[in-house]
Amino acid sequence: MAAKSALTAEAERLPLARALAGRRALGRLLIADRTALAGLLIVAIVLAVAVAAPLLAPHDPNAQDVLNQFKPPSAQHLLGTDQFGRDELSRIIIGARISVLTSLAVGAAILVIGVVVGTVSGLAGGLLDGAIMRVVDVLLAFPSVLLALAVAGTLGPGLGHLAVAMTLVWWVDYARLVRGLVLGVKEQQYIESARALGVSGRRLALRHVLPNVAPPIIVLATLQTARLLLALAALSFLGLGVAPPTAEWGAMLNDGKNFLDTAPQLMLYPGLAITITALGFNLLGEGLRDVLDPSLR
Amino acid sequence: MTYVVRRVAYLIPTWLAITLLAFLIAQLAPGDPASSYFERLNGRPPGRIELARTRHLLGLDQPVAERYLRWLGQAVQGNLGTSYSSGLPVTHELLSRFPATLELATAATLLAVLLGVPLGVIAASRRSSLLDHVTRGGSLIVGSAPGFWVAYILIIVFSVKLRLLPSFGTGGLSHLILPAVALGLAEAGLLARLGRSSMLEVLREEYITTARAKGLPEWRVTWQHGLRNSLNAVVTQVGLVFGFLLAYSAIIEVIFVWPGIGALAVNAINQRDYPMIEGFVVFTGTVFILVNLAVDLIYMALDPRISLGSQTATAAG
């Protein structure tokens, strides 16, 4: 109890923690920042589409209609049809599910792994810290997309393999960031007080350290989602993701590339969907950074 | 000097770890590599004796640790094994295709620097102008678009519709333009943003105020005093961009049928050519850490505060 009030008292003096503690205040700041607001709107819309995709899609995304291939946009098919006469708009909408939700799932997995590893490494110090950081250094010494490409390519095609490969490769960014932040707050007085009061390691990490290092992690998580989305699209474009006929944005581009002369619009829509979604997360991340840490503006 | 020695010595454990990583990735391969190797050669699954013989031939009957050490011993001598698909030495194939990747990455880096840095500097010197907003917005947009998609948009516009530039292959500058733009555009945006923010930081310094107070024209304040001092951060980033583009050119190479190592690697992945995948990981990792080393050393040469240790740091700062 005493430790908790010490934390609260300290938090009052920390502008970052205070901004985060008052969630309503954070919301106000986000809305005031135009970059963040634009990003928030795009992300909210894309997430809503991804979640409600089956309800929103006007047609069955896999229903073929060989008499209506490569149709231009019409009232029936707002974005036209693809090489099998399938409704392009429905495929984009259903595709949001796999593309966005997979990126978010991988993002959540690497966030948890990275935060746990980084916190343990930072708090433990010594040999364990040294060993963990060597692994992180090596993984960072290698370009992530290529490593994911090699791992996913070796495991063989499939969305699950792709997600595993991306998770194995991408957690290191968080681990390094979190470790650095933990080292920064570790010597702060409120952590020392909590320690002196006999707070256990896990409780110390969860209640006292993590809340105070959260803002930069949130910013990274948002920007990271955009990166994961682009990487997933690229790897899936190379044929490492979903199997046909599943609609996924990267795989749709892989299909569309065979009809550059006759139906270039098939290359346009999935790419725009990826770009707009990634832009939403990037804008939100940049906006969050401005709001949470005005000195970087 | 001790820093340089330590920095170079640090390459060895990192490089060893990269080889271990490459070796372990190949162990992830599903199925029995000996069986698939035999099947590839003979077009039918092996019998029991044939399988044992193939396994022995490939050294797969040895313990994993021993196989790694043997493989490493050969890798140190530049022997990365034989490609399953072409039957040629992996090192030979990688080295013969590396110049094409180098050419593409160099062109893309040049483009990113020549486009990004001036835009960033101008945006910073005219803060909140229309150009500043367009630069910031544009850099975010190109950074959010998948590079491979940008490549196809360029092909559709400049090859299919306008018929101005070839959409694939090599041969002269015209073949280089589209892949270099597709590869370098996002990095141009990154450099513009970085150039802008480090320039803004420098423009707040007192010596800039002094230069202005002396009555220097604004362009000299910006381009001579400002740019020179914000260059450190930019140069480091340019080095990183180059290493990044060398590694990330794979998809662009595939799209433009560019005969580099990236296209070779993607091909190897499709063909399940494990020695080639291993070789590619080792080769790219080696190039990447060497580029990072070069970046560190250049950074050190540019900023004497870093190279000579803490005593001079206080003196210089």
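User: At what angle do helix α8 and helix α9 of chain A pack, and how far apart are their axes?

Analyst: In this predicted model, α8 (residues 144-155) and α9 (residues 159-170) of chain A pack at about 145°, and their axes are 8 Å apart. The crossing is right-handed.

User: What makes a residue part of the contact of α8(A) with α9(A), and how do its residues divide into nonpolar, polar and charged?

Analyst: Two residues are in contact if their C-beta atoms lie within 7 Å. On α8(A) the contact is made by A:Ser144, A:Leu147, A:Ala148, A:Val151, A:Ala152 and A:Leu155; the residues from α9(A) include A:His161, A:Leu162 and A:Trp170. The contact comprises 11 nonpolar residues, two polar and no charged.

User: Why is B:Asp273 called buried?

Analyst: The term requires 20 or more other C-beta atoms within 10 Å. B:Asp273 has 23, and is therefore buried. B:Asp273 lies in the loop between α13 (261-271) and α14 (274-302) of chain B. Leaving aside neighbours within four places in sequence, its contacts are B:Ser83, B:Tyr84, B:Ser85 and B:Ala268.

User: Where is the kink in α6(A) centred, and what phi does A:Gly125 take?

Analyst: The kink, of about 30°, is centred on A:Gly95. Just after α6(A), A:Gly125 takes a positive phi of about 65°.

Technical notes. Residues numbered from 1 in each chain as written. Chains lettered and ligands numbered in written order. Predicted model: local features only at pLDDT ≥ 70, side-chain atom pairs only at ≥ 80, totals over all residues. Axes fitted to C-alpha atoms, helices over the stretch in contact; angles between N-to-C directions. Helix = DSSP H or I, 4+ residues; strand = E, 2+ residues; numbered from the N terminus. Left-handed = near helix turned anticlockwise from the far one by under 90°. Nonpolar A, V, L, I, M, F, W, Y, C, P; charged D, E, K, R; others polar. Buried ≥ 20, exposed ≤ 12 C-beta atoms within 10 Å, placed from the backbone. Bend = angle between axes of the 7 residues up to and from the residue.
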